Structures are given as C-alpha cells and as structure tokens.
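Here is a briefing on one protein model. Keep the structure open while you read.

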Amino acid sequence: MSKEEQHDGQPSSDEWMADLARLVNAPGYKRWQSMVAATGGCGHPVHLAGQSMIVDAGTGEILHAYTTDAEPSGHLLVACGNRRASVCPACSQTYQADTFHLIRAGLSSGKGVPETVSAHPRTFVTLTAPSFGPVHAHRDCRACRPRKRDRLCEHGRLVGCHLRHAPQDELLGQPICPDCYDYTGAVLWQAHAGGLWHRFTLALRQELAGQAGMTRRAFAQHAKVSFAKVAEYQRRGLIHFHAIIRLDGPNGPTEPPPDWAGHHLLTQAIPPAVHQAAVTTPPSSLGRWTLTWGDQLDIRPILLDPSADGLSERAVASYIAKYATKGAEASGTIDHRLSCRALPDADG
Ligand SMILES: [Zn+2]
Ligand SMILES: [Zn+2]
Ligand SMILES: [Zn+2]
C-alpha cells in the first residue's frame, strides 16, 4: 500500500493487524464471531440496539427476554440484505442463489410450482432503449463507425470513428459528438424505463386478448400472463430489460393455459405490444416527451431440450440471477446517485 493510499481514510496494514489482534483477544470474541457467521459474512451489517420480550398474553409471564446490552459491542448484527454485488458481495451472492432457484422453479418446477409448468408457453425477451445518438462501440475486428473521413457534424467533429476499440476502452459508450447526443432524452428515458415496462405489460395483456378475439376481462378468465425481469446496464449507461414471459391458466402456474393460448399467440402479441407502449413525461421546462422502446427486440423460446434452437431453462435462470445482482458498475459506469449543485462563484 502506498503512502497516499494510507491517508485515504484506510488503515495501514500495521494498524489493521493490531486491530485484528485486539478483536480476537477481546472477551466477547466468540459471540461476535457467531453473529458475523449468522450474517453470512455481510460486508455492511446493520447494528441494532434495543430489547425484545415474549410475554404470555394470559398470565403476563415473561417467556423470553433479550437485550443488546449484553452483546459484546452493545449491538446485534443483522445482514444488510443488499442485492448489489458492488455494495455487499456476501448478501448479493445469497440473493443471486435465491433468484436462480426462484426463476428455475418458475420455469421447471419447485417451491410449490408443479412440473407441468415446463409445458406452458415461455419466452425470453430483451427490450432495448432507443438510440439517442451514435456512441463509440466495440465491434470485434471492425472499425467503430466507418463514415467518409472528411464528413463533419454541425459542431465540426468527425461523424465517423475508424478506431478498432479494445473491449476495455474508456471511449466505449461515449457519444461520437457530445453536442449532437441527446442527453436529455437519454436521462428522461432511463428515469421512465420502469413506467415504460409497466405500459408494456398492460399493452401485452390487451394484445393477447385482442389477438384471441376477446376483451381483457374475458381473456383473464382463460389465461394469466406472468413476468420476471432484470435490467442490464449497457456501456452507454442505458438499460436493457431481459424478461421471462409465461402463459398460465387463469389461476396461475398450477394449471395450463387453453390450447389456443400457446407459444404462437404469445410471440405474436409481443412485438405490437412493444411498439404500442409509450410514456409521456409530466410537463416541465424540458417540455413533454413521449418515450418508447428501441427498435431492437429479441424474442426467444425457452425450451426443455437445450439442444434445440432456443434457450434452456437453466441458462435463462442463470442469466436472470446474474443480472439481478449487477448494477451500473458492471458496464464500466458508476454505481451511485449523481446530484447537481452550483459551484461557489469563482470570483467570490
Ligand atoms: Zn450485506
Ligand atoms: Zn469509436
Ligand atoms: Zn456534433
């Protein structure tokens, strides 16, 4: 560790060792160790202080009493439960494993879901953000954005880029011209992506019913549509949604949908639902914006037989579980909230 790093608020290795030795020899070490083990090695446990009592309501007898005063540090440690790997590696691993089993159960059975669910129509869908202007991209052995070498945008910058960016190049995801790039649109789209997803789920129910020749209410008496989604951050800082969409009988995964509500109906209804979904932003100084999905849409069947032309249940469950614990940092951007504040006047 360099001298500079030691002054960065981090203890030096000597201080760290001394701290560790003091801890191991402290009287409450065994109890502290068992509390840490109970949190699963959480990196940021919550320190609770207080007391609890279990009292017999009839007799008033105290059946059990506990106070954190008796704990080594006067606190009870509880796992933070944060699912982002960048915040707590231990808790995010627990969440990832739980997610995998939950998604796997929803695809093939387990946790109260019967095996027959494997026969229900299921697709793996990727919904994307629209383009807000060209950005630098990694294209294996090809140039980033080949254009005529002397063509300039209105800001005097080259409209093309003939570099072959390496996968870790910091330019990746950055606009070719920051002044041409629609940052306002990109920020508004990201802020409303959750709302846009909700509109898509409503539009899909409407479209499924419409293609089946009935009202939404009538469709709901025959079949139910379920969703499980995760967001994946791209290099340009915007998210993609990956989702599993499944059709069940009217009471959920325990019963099959009718024969006419099959894989064909599900995959036919998704594209028009994606195109119809839109969110209009509330009025502000930026005006009112109508936000929609990007043109890229990927729909793939989830199959029992992984050798067929589709995705296996296990692969899909692993994919969803992986992205459930990743934040923006996985794509090389930052993983914390940004805020704007005015800088002090340079003259004052
Ligand atoms: Zn934790
Ligand atoms: Zn480039
Ligand atoms: Zn420009």
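**Around Trp293**

Trp293 is in contact (heavy atoms within 4.5 Å) with Leu127, Thr128, Pro130, Trp189, Ala193, Leu196, Trp197, Phe200, Phe241, Val274 and Ala277, leaving aside its neighbours within four places in sequence. This is a predicted model: local features need pLDDT of at least 70, side-chain atom pairs count only at pLDDT 80 or more, and totals for chains, interfaces and linings use all residues. Residues are numbered from 1 along each chain as its sequence is written, chains are lettered from A and ligands numbered from 1 in the order in which they are written, and side-chain values use heavy atoms, with hydrogens and water left out.

**Nonpolar cores**

- A nonpolar core is a set of buried Ala, Val, Leu, Ile, Met, Phe, Trp, Tyr and Cys residues joined through side-chain atoms within 4.5 Å.
- Buried means under 20% relative accessible area, exposed over 50%, and partly exposed in between (1.4 Å probe, protein chains only).
- The largest nonpolar core has 37 residues, of which Trp189, Phe200, Leu204, Leu208 and Trp293 touch the most other members.
- Two or more residues each come from strand 5 (122-127), helix 5 (183-191), helix 6 (193-211), strand 7 (239-248) and helix 8 (263-276).
- Helices (H or I, at least four residues) and strands (E, at least two) are DSSP runs, numbered from the N terminus.
- Helix 6 gives the most to this core: eight residues.
- Another core lies apart from it, with 14 residues, including Ile103, Val230, Leu311 and Ala324.
- In helix 5, the buried residues are Gly185, Ala186, Leu188 and Trp189.
- Their cover includes helix 6, strand 7 and strand 9.

**Aromatic pairs**

- Rings of Phe, Tyr and Trp (its six-membered ring) pair if their centres lie within 6.5 Å; planes under 30 degrees apart count as stacked, over 60 as edge-to-face and the rest as tilted.
- The whole structure holds 10 aromatic pairs.
- Trp189 and Trp293 pair edge-to-face, at 5.9 Å centre to centre and 75° between the planes.
- This pair links distant parts of the chain, 104 residues apart: Trp189 is in helix 5, and Trp293 is in the loop between strand 9 (290-291) and strand 10 (297-303).
- Both Trp189 and Trp293 are buried.
- Phe200 and Phe227 are edge-to-face because their ring centres are 6.4 Å apart and their planes are at 70°.
- Phe200 sits in helix 6 and Phe227 in strand 6 (residues 224-233), 27 residues apart.
- Phe200 counts as buried, at 0% relative accessibility, whereas Phe227 counts as partly exposed, at 25%.
- Ring pairs join Trp189, Trp197, Phe200, Phe227, Phe241 and Trp293 into a cluster.

**Helix 4 against helix 9**

- The axes of helix 4 (residues 89-108) and helix 9 (residues 313-324) come within 8 Å and cross at roughly 145°.
- Axes are lines fitted to C-alpha atoms, for helices over the stretch in contact, and angles run from 0 to 180 degrees between N-to-C directions.
- Residues of helix 4 including Tyr95, Phe100, Ile103 and Leu107 meet residues of helix 9, among them Val316, Ala317, Ile320 and Ala324.

- Asp140 is exposed, with a relative accessible area of 62%.
- Asp140 has a positive phi of about 50° although it is not a glycine.
- Cys141 is exposed too, with a relative accessible area of 64%.
- Cys141 and Ala166 are 25 residues apart along the chain, and their C-alpha atoms are separated by 9.4 Å.
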